[in-house]
Amino acid sequence: MNERLHKISKTRYTWSNATSTVISTPLRYFYPQHVEDIQAIVKEAEVQKLRVRAVGSGHSFSEVAKCDDFLMDIKELRDVEKYESPRVKANFSQNQYVLAEAGITIRRVNRLLDDMGLALQNMGAVDFQTISGALMTGTHGTGIHKPAFPDMVVGLRIVGKGGNLFQLEPTDGITDPVSHAQNSSIQLIQDDDIFYSTVLSFGAMGIVYQMILEVVPRFWINEHRYLENWSSVKQKLINGEFMQMLEDYDFAALRVNPYKIDGDHLCSIVRQRIQHTAPTKIEQGRRNILSAIGANLEWLIEGIIRTANRNAKKTGKKIQTSIKLATAKNYIDKSYKVLYQSGAAVLRYGLSSEFAFAADPVKIIAALELIFKETADAATNSDRYHPSHIAVRFVMPSKAYLSSAYNKPTAYIDVPTLHNTIAYQDLLDNYQLIMMALGGTPHWGKVNNMLYLNPSFIHTAYPKYQTWIDVRRQMDPDNTFINDFVIKMGLA
Ligand SMILES: Cc1cc2nc3c(=O)[nH]c(=O)nc-3n(C[C@H](O)[C@H](O)[C@H](O)COP(=O)(O)OP(=O)(O)OC[C@H]3O[C@@H](n4cnc5c(N)ncnc54)[C@H](O)[C@@H]3O)c2cc1C
């Protein structure tokens with residue numbers, strides 16, 4: 001290994017994800033400063049016949065980022081620039097694109113875009129992830145006509161086999177091949193199967209070092225969060241009113257207390273509308289201040305875990321209080337501030353299992369009511385309690401072959417929990433089994449251990465899995481970018 005690679009790496013380092021539930025002890029941990037460093041790391045891995053992988057912010061709870069050979073942190077690659085004519089074909093020039101370096105966090109990209117008068121179309125509930133990490137597991141927010149990360153990306157630049165640079169786009173990609181050939185030495189591949197496989201591939205086809213994102217002019221969002229009982233929401237799901245609300249608002253989602261209190265489950269519904277002008281100070285409003293402050297206090301979460309363990313029977317009431325505290329009437333702010341729905345406090349303790357279903361009211365009701373039953377049975381039969389609400393979010397159909405929203409408007413049912421609450425893993429395992437039995441498809445970044453070594457389930461859930469496997473073998477014939485997660489999921 002050359003001097004430069006020694007200089008940008010260390011040995012005997014233990015990497016762990018944010019919740020310390022996944023641990024890797026790589027042979028070497030690298031901090032590349034630029035793409036040439038990544039190329040050298042990949043070539044060295046090939047010479048030594050080792051595996052190589054990039055990590056983002058470590059916010060996945062599955063083993064998707066695990067690798068015990070070469071691991072790299074690419075957070076030094078964190079700039080954004082416009083990607084425009086003459087690189088972009090004339091028929092795409094009415095849209096706006098940026099070229100973002102892969103290690104940039106969503107938080108930083110939002111602020112840099114805002115300075116340019118631009119914004120992401122959507123994001124998840126937090127912004128601590130890197131954009132490449134978010135992309136590689138299919139991170140999503142909510143909005144039945146809004147894209148998840150893989151569908152906001154129109155081009156990927158990767159360091160692939162041999163340390164070579166590739167720019168991957170759909171067959172009808174935005175880049176003008178003639179202009180590209182004149183100005184760039186990166187090999188441009190415009191091919192649907194390659195692009196829609198690689199765009200969500202857990203780093204198993206190469207190291208992403210840049211990506212082209214389709215962005216929109218800066219916008220604001222008006223948020224309204226209100227309370228409603230499950231029996232009423234259920235009725236609206238059955239009679240179509242709830243689904244119509246998803247059509248009428250740009251972003252909407254549901255949270256529900258899995259415990260029945262005073263004869264019903266309390267729900268909190270958030271609905272958000274885009275507006276294109278900034279609010280005045282009076283119009284702006286704000287979220288509940290206690291809830292906003294609490295979301296950033298780690299000691300508060302630690303207290304919740306302690307009380308959840310000592311005084312577990314009050315868990316349902318505690319969830320009820322937190323749902324009530326989070327209401328907001330007409331809070332208007334910049335898009336990324338409103339789309340941010342959580343806080344830093346959960347980072348060390350919050351984890352979840354999440355499954356996707358066709359956005360079908362019957363399925364949503366069936367899944368939620370089975371989860372309510374499991375939660376009630378666990379309390380009655382074995383004194384085990386689930387410490388959080390259940391969330392339902394919506395996403396437009398995805399073109400990414402391994403997206404759990406592939407080809408269908410999708411409802412994601414998320415079961416968040418807190419690491420260190422008693423029996424949290426057993427409960428999560430049971431919730432996973434319930435959602436698998438209902439035909440749900442997993443979020444790759446969430447706790448999905450019940451799927452390991454169950455390839456037939458994955459193969460049924462993802463109709464394009466074989467094309468994905470074929471593309472992976474073509475992009476990575478020597479298995480340099482594979483990891484055990486890919487093997488356990490039956491995708492090698
Ligand atoms: C508090 C919290 C809230 C969350 N909220 C949401 C949410 O609202 N919606 C949602 O969908 N998910 C959510 N998640 C899950 C999270 O968005 C995903 O797991 C995401 O993948 C984490 O991104 P990361 O930067 O931490 O990547 P990591 O977890 O570090 O890595 C994820 C994968 O990306 C690969 N990777 C990273 N960088 C590269 C690269 N440059 N090239 C190739 N491969 C790469 C890694 O090898 C790994 O396979 C949440 C997680 C947390 C902790």
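Student: Why does the shell around the ligand lie between domain 1 (80-218) and domain 2 (220-275 + 277-451)?

Tutor: Good place to start! Both domains give residues to that shell, so it lies between them. Keep in mind that this is a predicted model.

Student: What makes a residue part of the shell, and how many residues surround the ligand?

Tutor: The shell holds 36 residues, and the closest are G56, G124, G133, G203 and G445. Elements that each supply at least two of the shell residues are β5 (52-55), α4 (131-137) and β13 (207-217). The largest share, five residues, comes from α4.

Student: Which classes of residue make up the shell?

Tutor: There are 16 nonpolar and 19 polar residues, along with one charged residue.

Student: What makes two residues count as "in contact", and how many residues of domain 1 are in contact with domain 2?

Tutor: Their C-beta atoms must lie within 7 Å. By that test, 29 residues of domain 1 are in contact with 32 residues of domain 2. On the side of domain 1 that touches domain 2, α3 (106-115) and α6 (192-198) are the elements giving two or more residues. That side divides into 14 nonpolar, eleven polar and four charged residues. As for the C-alpha centres of the two domains, they lie 28 Å apart.

Student: Which residues touch the most other members of the largest nonpolar core?

Tutor: V153 and M211 do, in a core of 140 residues. Strand β13 gives the most to this core, with seven residues, and domain 1 and domain 2 each contribute at least three. Looking past the neighbours within four places in sequence, M211 is in contact with several residues, including A100, I131, L135, V153 and L156.

Student: How do you know whether A391 is buried or exposed?

Tutor: Count its neighbours! The cut-off for buried is 20 or more other C-beta atoms within 10 Å. A391 has 21 of them, so it counts as buried. Its place is in strand β19 (residues 390-395). R255 is 136 residues away along the chain, yet the C-alpha atoms of A391 and R255 are separated by 4.4 Å. A391 also touches A253, D414 and P416, setting aside residues up to four places away in sequence.

Student: And why does D383 count as buried or exposed?

Tutor: The cut-off for exposed is 12 or fewer. D383 has 11 C-beta neighbours inside 10 Å, so D383 counts as exposed. D383 lies in the loop between α14 and β19, and its phi is near 55°, a positive value in a residue other than glycine.

Student: Why do the buried residues of α7 line one face of the helix?

Tutor: The buried residues in α7 (residues 230-239) are W230, V233 and L237. Seen down the helix axis, they fall within an arc of 65°, so they line one face. The face turned away carries the exposed residues S231, Q235 and N239. Among the elements covering the buried residues are β14 (220-229), α8 (241-248) and α14 (361-382). Just after α7, G240 takes a positive phi of about 95°.

Definitions and conventions: Residues numbered from 1 in each chain as written. Predicted model: local features only at pLDDT ≥ 70, side-chain atom pairs only at ≥ 80, totals over all residues. Near = placed C-beta within 6 Å. Helix = DSSP H or I, 4+ residues; strand = E, 2+ residues; numbered from the N terminus. Nonpolar A, V, L, I, M, F, W, Y, C, P; charged D, E, K, R; others polar. Domains from an automatic or database assignment. Core = buried A, V, L, I, M, F, W, Y, C linked by C-beta atoms within 7 Å. Arc of directions from axis to C-beta.
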